[in-house]
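Take a first look at the chain below. Then follow the text from the overall form down to single residues.

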Amino acid sequence: MTLRRLVPRSAAERPGTERLRSEVRQFLAEQVAAGLFTPAVDAWLCGWDEDFTAALAERGWLGMTVPVAYGGHGRSFLERFVVTEELLAAGAPVAAHWIADRQIVPSLLKYGTVRQRSEFLPKIVEGKCFFGIGMSEPDSGSDLASVRTRAERVDGGWVLTGTKVWTSGAHLAHAFIALARTEPVDPADRHAGLSQFIVDLHGQGVQVRPIVSMNGAHHFNEVIFDAAFVPDAMVFGEIGFGWQQVTSELSFERSGPERFLSTFVLLDDCAEQMSSQQISRSADLGRLVARVAGLHQMSSAIAGALQRQESADLAAAVVKVLGTTTEGDIAEFAHLCSDHTAGPHFSEMACAAVDQRPGFTLRGGTNEILRGVIARGLGMR
């Protein structure tokens with residue numbers, strides 16, 4: 001993939017990561033050559049392949065930042081960034097472990113109890129435990145303060161009642177972290193009284209219903225709690241501090257390279273075709289490459305900030321807005337180019353990217369909401 005070698009390395013990366021990049025690229029090339037996966041767009045959301053996840057685990061590329069004491073590898077956020085960026089650029093099927101590795105691992109390390117870390121982290125590292133995220137609800141959109149799922153105190157734990165929606169992979173995952181209201185809404189502070197719980201998606205009182213997209217794909221789900229019991233041991237963090245925890249977790253969700261590389265395989269193919277003069281519009285391609293290169297620098301810088309345990313909420317929102325807009329523009333560019341070039345796989349990926357494009361700017365918080373977050377954040381500085 002020639003274009004991948006044109007994206008400049010971040011100054012934040014240590015020289016040793018070059019060897020790691022080479023190892024990942026060689027592994028991916030071997031996987032593709034053996035026919036073990038076919039590059040695809042949006043594969044971090046749609047490409048569920050537990051065998052591929054197991055192969056990554058064998059090489060130590062899952063749970064890279066998990067301490068050795070919990071079965072992990074004790075490596076840096078920047079090393080993990082290198083691995084995930086290469087996987088995304090190759091369109092590899094990483095959906096099975098993506099949320100657990102990206103978001104649940106750092107959340108458990110920050111807010112989880114010793115029991116929760118001991119139970120889940122080793123399994124995530126081994127590629128044997130898959131998670132979803134239980135934030136969004138019907139009619140709530142990106143306004144998480146308006147969640148209506150209730151958690152009521154009972155003997156030995158909590159009972160959850162309500163509905164979560166747009167839960168990626170819930171039909172295949174083992175658990176997710178659900179945001180619920182444990183106190184009535186306070187008009188003076190709508191973000192107060194929220195708490196998080198680790199919910200067994202196969203437990204009693206939990207029903208998972210598929211949400212099938214217009215193109216027939218199924219990766220989203222609706223999760224319904226009908227008096228689902230969660231033991232005290234699975235309370236995540238502190239009761240009443242759910243909002244503070246969620247906003248911290250969203251830095252990991254919004255800032256990663258998946259926010260601008262979901263359609264990179266298309267951009268790379270366009271560059272290959274342009275080099276052989278199958279398509280033109282080199283100026284448009286150059287602008288897209290420049291945007292991806294800039295986002296690479298921004299996202300890797302946030303990985304460095306997270307490594308230093310610095311707040312990255314505002315920077316993550318910027319990457320999410322700019323990144324998802326860019327990957328949507330790549331989808332449109334590739335779709336236009338597909339009219340002038342042969343290749344059924346390229347055309348199929350371009351059509352899939354256009355189908356997925358509306359979702360790019362919605363998941364992880366709508367871009368409209370995040371522009372408000374950015375404006376308020378800049379106004380406070």
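Predicted model: local features only at pLDDT ≥ 70, side-chain atom pairs only at ≥ 80, totals over all residues.

The protein chain has 12 helices and eight strands. Its C-alpha trace spans about 70 × 45 × 40 Å along the principal axes. How does the radius of gyration fit a compact globule? For 381 residues, such a globule would have a value near 21 Å. The protein chain has 21 Å, so the two agree.

Two further values describe the whole chain. Of its 381 residues, 54% count as buried. Now take the contacts with a sequence separation of 6 or more. Residues 24 or more positions apart account for 75% of these contacts.

Next come the helix pairs. Start with helix 5, residues 95-111, and helix 6, residues 114-125. Their axes lie 10 Å apart, and the packing angle is about 155°. Angles over 145 degrees count as roughly antiparallel. Helix 5 and helix 6 are therefore roughly antiparallel to each other. Their crossing is left-handed. On the helix 5 side, the contact is made by Ala 100, Asp 101, Ile 104, Val 105, Leu 108, Leu 109 and Lys 110. On the helix 6 side stand Gln 116, Arg 117, Phe 120, Leu 121 and Ile 124. Which classes do these residues fall into? Eight are nonpolar, one is polar and three are charged.

Helix 5 has another partner, helix 7. Here the axes are 9 Å apart and the angle is about 140°. That makes helix 5 oblique to helix 7. The crossing of this pair is right-handed. Helix 5 brings Arg 102, Gln 103, Pro 106, Ser 107, Lys 110 and Tyr 111 to the contact. Helix 7 meets them with Gln 244, Gln 245, Ser 248, Glu 249, Phe 252 and Glu 253. By class, this contact holds three nonpolar, five polar and four charged residues.

Helix 7, residues 242-255, leads on to helix 9, residues 282-307. The two axes come within 10 Å and cross at roughly 150°. Are helix 7 and helix 9 roughly parallel or roughly antiparallel? They are roughly antiparallel, because angles over 145 degrees are counted that way. The crossing is left-handed. Ser 251, Phe 252 and Ser 255 form the helix 7 side of the contact. Ser 299, Ile 302 and Leu 306 form the helix 9 side. Three of these residues are nonpolar, three are polar and none is charged.

Past helix 7, stop at Arg 259. Arg 259 sits in the loop between helix 7 and helix 8, which covers 264-275. Is Arg 259 buried or exposed? Its relative accessibility is 1%, so Arg 259 counts as buried. Leaving out residues up to four places away in sequence, Arg 259 touches Trp 44, Arg 102, Glu 253, Arg 254, Val 319, Lys 320, Gly 323, Thr 324, Glu 327, Arg 363 and Gly 364. Two of these names have come up before.

Another loop residue is Gly 365. Its loop lies between helix 11 (344-360) and helix 12 (367-379). Gly 365 has 12% relative accessibility and therefore counts as buried. From Gly 365 to Ala 317 the distance is 8.9 Å, C-alpha to C-alpha, while 48 residues separate them in sequence.

Finally, look at the backbone of two residues. Ala 227 is in strand 7, residues 218-231. Its phi is near 55°, a positive value in a residue other than glycine. With 45% relative accessibility, Ala 227 counts as partly exposed. Gln 309 is not a glycine, yet its phi is positive too, at about 60°. Gln 309 lies in the loop between helix 9 and helix 10 (313-337). At 75% relative accessibility, Gln 309 counts as exposed.

Key: Residues numbered from 1 in each chain as written. Heavy atoms only, no water. Axes fitted to C-alpha atoms, helices over the stretch in contact; angles between N-to-C directions. Helix = DSSP H or I, 4+ residues; strand = E, 2+ residues; numbered from the N terminus. Parallel < 35°, antiparallel > 145°, perpendicular 65-115°, else oblique. Left-handed = near helix turned anticlockwise from the far one by under 90°. Contact = heavy atoms within 4.5 Å. Nonpolar A, V, L, I, M, F, W, Y, C, P; charged D, E, K, R; others polar. Rg over C-alpha atoms; globule rule 2.2 N^0.38 Å. Buried < 20%, exposed > 50% of the residue type's maximum accessible area, 1.4 Å probe, protein only.
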